[in-house]
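Q: Let us read this model together, one feature at a time. Where shall we start?

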Amino acid sequence: MTAVKTTEAAAPAGDLPPALPPAVTGGAPKRRRGGAFDRALPYLLLAPALIAILWLIGWPVVSVFVTSFRQLNLGELVRGEIVWTGFDNYVTVLQDERFWEVALRTVLFTASVVVVSVGAGLGIALLMRVLTPWVRIALQIAMLCAWAMPILASTTVYQWMFDQNYGILNKTLVQLGFDSFAGYSWFSSGTSTLSVVGLLIVWQAIPFLAFSLYAGLVGIPRDLYEAAGIDGATGWQTFRAVTWPEIKSLLMMVTFLSTLWDFKVFTQIWVFREGGPSGESTTLPVLQYLEGIAKSHFGVAAAISVLMMVILGLITFQYLRKLLQTEEGKI
Amino acid sequence: MKGWKGLAAGAAALAVAVSGCGTSTNSGSDAETKEITVWLMDGSAPTTLTDALNKEFEDANGIKVKYEVQKWTGIQEKLTTALASSTPPDVIELGNTQTASFAEQGTLADLTADAEQFNGGEWLGGLKDSLTLNGKQFGVPFYAANRTVIYRTDLLEAAGVAKAPTSRDEWIDAIGKLKAANASNPDFQALYLPGQSWYFLLSLIWDEGGDIAKLDNGKWTGTLDTPQAKAGFEAYKALYDASAEKKVPADIDEAKPQQMEVFGTGNVGMMVGLPWELAGAIKAKPELEKTTSAFPIPSKKAGESAPVFLGGSNLAIPASSKNADAAKKYLALLSSKKYQDMLAEGGAVPGTSKDTAKLQTTAIGKAMADSSPNGKVTPVTPKWAAVEAGQNPLKDALTAYLTGAKSLDQATKDASEAITKAMA
């Protein structure tokens with residue numbers, strides 16, 4: 001009974017918007033007089049969440065940054081010693097010509113994977129709009145399955161598919177008459193290895209991209225297309241004039257996210273050939289793993305991490321700037 | 001806004017302070033040990049041994065043994081992480097080539113003073129060297145093993161090879177006969193030799209008189225580009241090419257897939273392997289027990305066996321172990337004659353007993369005992385670990401040479417330079 005009463009009492013209160021403005025104007029001076037505690041209260045209430053976020057996200061970042069200025073090998077780690085070495089780790093990394101080679105490779109790899117996966121995702125999203133419902137549902141289910149597959153499982157399946165002697169790809173190609181693919185190794189060079197890894201990553205990324213972009217496309221009013229049709233616009237013109245402006249910002253966002261994800265891909269590359277042959281498919285995350293975990297030079301690995309963040313920052317600079325501008329504009 | 005910033009700074013400071021508290025390290029041993037954690041490697045000690053050992057230790061000391069078997073693949077990384085944690089295992093098994101680097105970093109307990117209770121007088125020389133740094137011992141030898149050529153007696157007989165080859169030429173000849181006799185099976189491998197079996201490559205390089213690296217005035221230089229080492233690479237290619245029509249991929253090693261699993265399929269005539277690999281194949285296919293035997297890796301000189309890489313393991317106690325005293329008792333028990341005999345019986349050269357009578361009873365044990373006096377190791381220096389961990393230049397050179405991606409001169413030159421750089 002009490003519960004009912006409270007609701008009844010609350011309902012009329014909610015029906016009195018005209019009474020609110022005076023209450024607020026009357027309340028403001030009062031609160032100012034209430035002192036430091038009242039002013040701090042909202043922030044104090046936010047504090048637990050803020051501390052949790054800083055702990056979980058901020059601290060590891062700070063820790064990596066701090067570690068990059070230390071000599072931290074296995075010995076220092078186990079003994080708990082702190083040895084500061086200033087910029088030595090950065091000098092070591094930047095003087096190594098291999099770092100530059102690997103950094104360039106990583107950027108090119110990321111760029112091609114992002115372009116292909118976002119392009120394919122957009123293509124499928126556009127396709128989904130024109131498919132009959134049951135074909136579209138079949139496609140969506142297929143993509144959901146691909147998306148739900150654990151990374152290591154799909155990587156293993158790809159390894160089997162591309163296996164030199166027993167892989168289904170080589171066998172199929174031989175059946176089709178391309179005899180030179182009998183026993184062909186897809187992992188004989190870095191470019192070839194990274195192409196296979198890239199294909200796998202694109203395959204894994206397409207479902208998310210296609211679904212996100214399709215969600216954006218669905219939101220575009222049908223009348224705009226009808227109007228364009230009446231005006232006699234071709235398919236391409238419709239895309240340029242109607243679709244593109246509507247999904248441009250969404251496309252920017254998924255491209256940005258894809259860049260972040262694809263830049264730090266480690267599992268797939270390592271599982272395929274551990275960055276081989278002869279280190280030719282080594283990317284920055286793999287290099288970081290080799291320095292940090294394989295050689296136990298954690299300080300150097302941390303320096304590579306920081307440099308990776310710098311490179312990512314440079315690549316996504318334009319987007320970040322726009323993002324911040326919009327935010328400020330809104331505020 | 002000012003308030004918000006101040007609060008954020010305060011929260012950050014708090015987060016830093018609180019998380020900083022957790023990193024203090026504990027060491028030494030507790031009086032009350034209830035359980036010790038023991039990490040041994042996959043295939044190292046037979047289960048009969050570990051079961052009996054753990055039971056005897058638990059009954060005698062009232063301390064539980066948490067016994068965990070680890071895989072060799074990626075063990076370096078796993079040990080690094082475990083040793084840096086606040087609760088490391090109390091007894092670990094280390095490959096003999098890894099021990100020096102872990103000891104140098106101060107991660108292992110100094111056991112020099114306790115050598116007596118670990119049967120110190122009978123330690124296997126090669127292993128003792130590998131765990132000694134600056135005159136101090138940082139472990140206890142566990143066991144050693146070396147590779148031999150494991151073969152199918154029935155298949156060799158059917159192919160008309162009457163006796164085990166005793167020179168490299170005879171060996172290649174036997175491979176050819178084996179291949180011809182099984183030509184109807186497209187998946188048959190006369191010798192299963194993956195492209196990156198680098199321990200076997202070492203045998204061939206040493207047999208030709210070459211080596212991996214040499215030490216001059218405290219500086220290591222890669223020597224894979226010498227004519228002798230190149231001859232070793234050429235011998236590898238000759239064997240690799242002779243083995244089968246359908247070649248084993250040049251970019252995999254003997255662990256991926258496990259060569260014992262491949263041998264267990266029955267489509268393989270020979271493999272260069274360790275006793276535990278044969279045991280694994282027999283476990284998967286019991287009928288192999290009666291039809292397998294082994295001979296030492298033949299030298300290019302007729303009648304001799306090639307030098308072999310003396311693989312093996314040491315046992316160590318992490319410096320940060322909280323149960324060091326109990327761990328020492330465990331090692332002392334394991335070093336006793338009873339368990340060393342069980343190791344020999346299981347097909348390994350025991351680390352703390354000179355008695356190998358029990359080993360000589362099997363064909364593979366005899367082949368191993370015959371070639372083990374010729375055993376060699378990789379450069380004994382903490383710097384070697386950097387070569388072996390991660391991307392091994394020897395493996396890269398083999399793949400590049402076998403696939404034709406690089407010429408022999410280029411592949412060996414690159415590998416030599418990579419080794420010099422890694423050991424600098």
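A: Start with residues 139-161 of chain A, which are 91% helix and 0% strand, with end C-alpha atoms 22 Å apart. Helices (H or I, at least four residues) and strands (E, at least two) are DSSP runs, numbered from the N terminus. This is a predicted model, in which local features need pLDDT of at least 70 and side-chain atom pairs count only at pLDDT 80 or more, while totals for chains, interfaces and linings use all residues. Residues are numbered from 1 along each chain as its sequence is written, and chains are lettered from A and ligands numbered from 1 in the order in which they are written.

Q: Which feature does UniProt place at residues 139-161 of chain A?

A: The unreviewed UniProt entry gives "transmembrane region" there, and also at residues 40-62, 107-127, 250-271 and 298-320 of chain A. UniProt positions are given in the numbering used here, feature names are shortened, and annotations may be inferred rather than shown by experiment. Residues 250-271 of chain A are 86% helix and 0% strand, and their end C-alpha atoms lie 32 Å apart.

Q: How many helices and strands does chain A have?

A: Chain A has 16 helices and zero strands.

Q: How do I read the sheet in chain B?

A: Strands of a sheet pair through backbone hydrogen bonds, either parallel or antiparallel. Two strands count as paired if DSSP finds at least two bridges between them. In chain B, six strands form an open sheet with mixed pairing, in the order β2-β1-β3-β14-β6-β15. Its edge strands are β2 (64-70) and β15 (349-350) of chain B, each pairing on one side only. Strand β1 (residues 35-41) of chain B pairs with β2(B) in the parallel sense over seven bridges. Thr37(B) has Lys66(B) in β2(B) as its bridge partner.

Q: What does each chain give to the contact between chain A and chain B?

A: Two residues are in contact if their C-beta atoms, placed from the backbone, lie within 7 Å. Here chain B gives 35 residues and chain A gives 36 residues. On the chain B side, α1 (2-21), α3 (75-84) and α16 (393-403) of chain B each give two or more residues. The largest share, 10 residues, comes from α1(B).

Q: How is chain B divided into domains?

A: Domain bounds come from an automatic or database domain assignment. Chain B has domain 1 (35-145 + 311-376) and domain 2 (148-309 + 391-422). Their centres, taken over C-alpha atoms, are 28 Å apart. The contact takes 16 residues from domain 1 of chain B and 20 residues from domain 2 of chain B.
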